[in-house]
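Colleague: I am new to this structure. Could you walk me through how to read it?

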Amino acid sequence: MSDLEIRPASAQDIPAIVALLADDPLGARRESPDDLTPYRTAFERLAGDPHQHVMVAVRGDEVVGTLQLTVIPGLSRRGATRSVIEGVRVHSGERGSGLGTRFIEWAVDESRRQGCQLVQLTSDATRTDAHRFYERLGFEPSHVGFKLTL
């Protein structure tokens with residue numbers, strides 16, 4: 001994996017990131033790689049927020065993974081800061097290579113570096129392989145999540 005670089009995403013990475021987000025059964029229904037306008041707008045907002053870290057994993061010249069790490073200060077847990085890992089995607093040709101593990105380890109290490117006391121993530125209930133992956137990395141399925149589409 002020495003030829004793998006994990007770095008902040010740039011605006012030039014947006015098409016590759018969106019392609020990764022769309023490249024699974026759930027993402028195919030939610031994402032629209034044909035119109036990058038809303039993604040560019042969102043990226044500008046994220047890039048201007050120091051608590052948001054949109055990351056890519058690059059091998060050679062190809063973006064092969066992405067994730068977003070959000071750092072959230074809070075009052076609960078005695079004023080604890082937590083981080084949320086979102087939008088984790090690994091290129092289908094990279095799955096099983098250790099990239100996902102390295103990516104999540106990066107997010108946990110960065111969370112520690114930023115003073116977080118808790119790292120959390122959600123995963124769609126249908127993603128049973130992902131659930132096993134996260135549990136193997138020490139995450140516990142401790143809560144039931146709820147969403148309200150607006």
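Predicted model: local features only at pLDDT ≥ 70, side-chain atom pairs only at ≥ 80, totals over all residues.

Colleague: What order do the strands of the open sheet have?

Modeller: Strands of a sheet pair through backbone hydrogen bonds, either parallel or antiparallel. Helices (H or I, at least four residues) and strands (E, at least two) are DSSP runs, numbered from the N terminus. Two strands pair if DSSP finds at least two bridges between them. Here, five strands form an open sheet in the order S1-S2-S3-S4-S5, with mixed pairing. Strand S1 (4-8) and S5 are the edge strands, each pairing on one side only. From one strand to the next, the twist averages 25°. Axes are lines fitted to C-alpha atoms, for helices over the stretch in contact, and angles run from 0 to 180 degrees between N-to-C directions.

Colleague: How many bridges join S3 to S4?

Modeller: Eight, and strand S3 (residues 62-73) runs antiparallel to S4. Gln 68 stands opposite Glu 86 in S4. Val 71 faces Ser 83 of S4 in the pairing. On to S5 (residues 118-121): S4 pairs with it in the parallel sense, over four bridges. There, Arg 82 stands opposite Leu 118. Between S4 and S5 the chain passes through helix H5 (residues 99-113), a right-handed β-α-β crossover. Right-handed means that, with the strands pointing away from the viewer, the path from the first strand over the helix to the second runs clockwise.

Colleague: Why is S4 largely enclosed?

Modeller: Buried means under 20% relative accessible area, exposed over 50%, partly exposed in between (1.4 Å probe, protein chains only). Strand S4 (residues 81-90) has eight of its 10 residues buried, so the rest of the structure largely encloses it. Helix H1 (residues 14-22) lies across strand S2 (52-59), S3 and S4, at about 85° to S3.

Colleague: Is Ser 111 buried or exposed?

Modeller: Ser 111 is buried, at a relative accessible area of 1%. Its place is in helix H5. A polar contact is a pair of N or O atoms within 3.5 Å; within protein, one must be able to donate a hydrogen and the other to accept it, and residues adjacent in sequence count only if both atoms are side-chain atoms. One of 2.6 Å joins the side chains of Ser 111 and Ser 83. Contact means heavy atoms within 4.5 Å. Not counting residues up to four places away in sequence, Ser 111 touches Leu 69, Ser 83, Cys 116 and Val 119.

Colleague: Which helix holds Arg 77?

Modeller: Helix H4 (residues 76-79). Arg 77 is not a glycine, yet has a positive phi of about 55°. Arg 77 is exposed, with a relative accessible area of 55%. Arg 78 also lies in H4, with a positive phi of about 60°. Arg 78 is exposed at 86%.

Colleague: How many residues has the largest nonpolar core?

Modeller: A nonpolar core is a set of buried Ala, Val, Leu, Ile, Met, Phe, Trp, Tyr and Cys residues joined through side-chain atoms within 4.5 Å. The largest has 16 residues; those with the most contacts inside it include Ala 57, Ile 85 and Tyr 134. H5 gives the most to this core, four residues. Apart from it lies another core of 13 residues, among them Ala 9 and Val 63.

Note on methods
Residues numbered from 1 in each chain as written. Heavy atoms only, no water.
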